[in-house]
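Biologist: I am new to this model and would like to learn how to read it. Please take me through it one feature at a time.

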Protein chains: 2
Amino acid sequence: MIRLLLADDQALVRGAIASLLDLEDDLEVVAQVGRGDEVLAAARASKADVALLDVEMPGLDGIGAARQLKAELPSCRALIVTTFGRPGYVRLALEAGASGFVVKDTPSSQLADAVRRVAAGQRVVDPALAAESLAAGPSPLSTRETDVLIAVRQGNSSGEVASQLHLSEGTVRNHLSSAIGKTGARNASEAARIAAENGWLLA
Amino acid sequence: MIRLLLADDQALVRGAIASLLDLEDDLEVVAQVGRGDEVLAAARASKADVALLDVEMPGLDGIGAARQLKAELPSCRALIVTTFGRPGYVRLALEAGASGFVVKDTPSSQLADAVRRVAAGQRVVDPALAAESLAAGPSPLSTRETDVLIAVRQGNSSGEVASQLHLSEGTVRNHLSSAIGKTGARNASEAARIAAENGWLLA
DNA sequence: ACTTGCCCGTGACAAATGTCATGCCCACAT
DNA sequence: ATGTGGGCATGACATTTGTCACGGGCAAGT
């Protein structure tokens, strides 16, 4: 019997997936949480074998939760289940020690199989997504460019970013300009959006 | 026996909700589609009593699908089930003839009840969401401001918007400025984002 | 040691974006 | 008919944002 932990901030989706997986004879949902920072404790308490983690969660994102599990409770394997197949996310997830990555577009019938494969110690990654992730490569952004984009993404103007990072406005704009070029964006906010979508602003 | 149609572009979520609702003795999922523009035909073919519609779908959004149903197949009631409780969406959904509005945050146990109430001819709207929607009021944006924001949202610069709408650049920037004031945003792209989140750019 | 390449930082300049005062037109109330 | 208010449109002006050429530091390869 495979013991499952479900983590997703949308209660309805979480409950629905639970009922889907409970139909399987060899699977058992033993815990459900709605926040990333509750995953570790719940996994420990429930002795889960596999944790299904959504990426978008309050408190801590699914990738971070997977990292915690890998470090603190390696007996519990992490399977990331997310809405968007952002290329960079796959890379980050695997680096964080996740055992698998599934997008919510996949047929529901395949989820149980993915869980079984992960429980058996295999890696599970959507092949198309894996290829895309490989092609996209790691973040092309330098450290400063990443810093600046993160700050811009919070909604700060370049002046504010400058004082937050103790830089001159010109420097900030320079990094932004460079980031705009690298992302193919047309302005700073678009660059921040693109970088975020590729997972370049998480680590 | 209540006959259900499920429309959601995420196959996994769709399947999971199907298995959740199939557990109920008086509910039966008779059709599933992944695109908004397939809803009407599927509802007709399957003689569905209630359609569960996600808002974000390719082809046609859930609100549009609800409008089609209301016009062409009024015997099938629409229940919108969506990720975000954008205030304006509730208003739009009800104006489009939907019978209910549920966010994916609600406990999964309540979904079946919502379906039953809708099937019985009642309206179902999350109370907190309804209040927020009422408080937010209708769109404060004028026609031109809406046009301009929609164009900006596609990723056009103000110059491009100007030529698309046959206006001078100054005029476009003027409408934008006004929209920025009304939305409380700090620049054009933020204004577009806020307006979209409130459902002000759909109708 | 020297070159090469990259990241970082800066200021000057150019282009875009946002704000303002102003006028036109239309609907509505006086 | 006559104000009055709002949406629409415009150009001038101020501010913000993006681009460029330049120089310093640092690590890797020669």
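Modeller: Start with a term: a polar contact is a pair of N or O atoms within 3.5 Å; within protein, one must be able to donate a hydrogen and the other to accept it, and residues adjacent in sequence count only if both atoms are side-chain atoms. In this structure, an N or O atom in the side chain of B:Asn174 is 2.6 Å from a base oxygen of DNA strand D. Two further polar contacts reach phosphate oxygens of DNA strand D: a polar side-chain atom of B:Arg144 lies 2.9 Å from one, and a backbone N or O atom of A:Ala188 lies 2.7 Å from one.

Biologist: What should I keep in mind about the model itself?

Modeller: This is a predicted model, in which local features need pLDDT of at least 70 and side-chain atom pairs count only at pLDDT 80 or more, while totals for chains, interfaces and linings use all residues. Residues are numbered from 1 along each chain as its sequence is written, chains are lettered from A and ligands numbered from 1 in the order in which they are written, and side-chain values use heavy atoms, with hydrogens and water left out.

Biologist: Which elements give two or more residues to the surface near DNA strand D?

Modeller: Elements are DSSP runs numbered from the N terminus: helices are H or I with at least four residues, strands E with at least two. Near means that a heavy atom of the residue lies within 4 Å of the molecule or strand. For DNA strand D, the elements are H9 of chain A, together with helix H7 (143-153) and H9 of chain B. H9(B) has the largest share, four residues. Of the 16 residues around DNA strand D, the nearest are A:Ser177, A:Ala188, B:Ser142, B:Thr171 and B:Asn174.

Biologist: How do I read the classes of residues there?

Modeller: Ala, Val, Leu, Ile, Met, Phe, Trp, Tyr, Cys and Pro count as nonpolar, Asp, Glu, Lys and Arg as charged, and the others, Gly among them, as polar. The surface near DNA strand D has two nonpolar, twelve polar and two charged residues. As for the DNA side, 56% of the atoms of DNA strand D within 4 Å of the protein belong to sugar or phosphate, and the rest to bases.

Biologist: Which residues come nearest to DNA strand C?

Modeller: Of the 16 residues around DNA strand C, they are A:Ser142, A:Thr171, A:Asn174, B:Ser177 and B:Ala188. Bases of DNA strand C are reached by two side chains: a polar atom of A:Asn174 lies 2.5 Å from a base oxygen, and one of B:Arg173 lies 2.9 Å from a base nitrogen. The side chain of A:Thr143 has an N or O atom 3.1 Å from a phosphate oxygen of DNA strand C. By class, the surface near DNA strand C holds three nonpolar, eleven polar and two charged residues.

Biologist: How are the two protein copies related?

Modeller: Two copies of a chain are related by a rotation about an axis and a shift along it.
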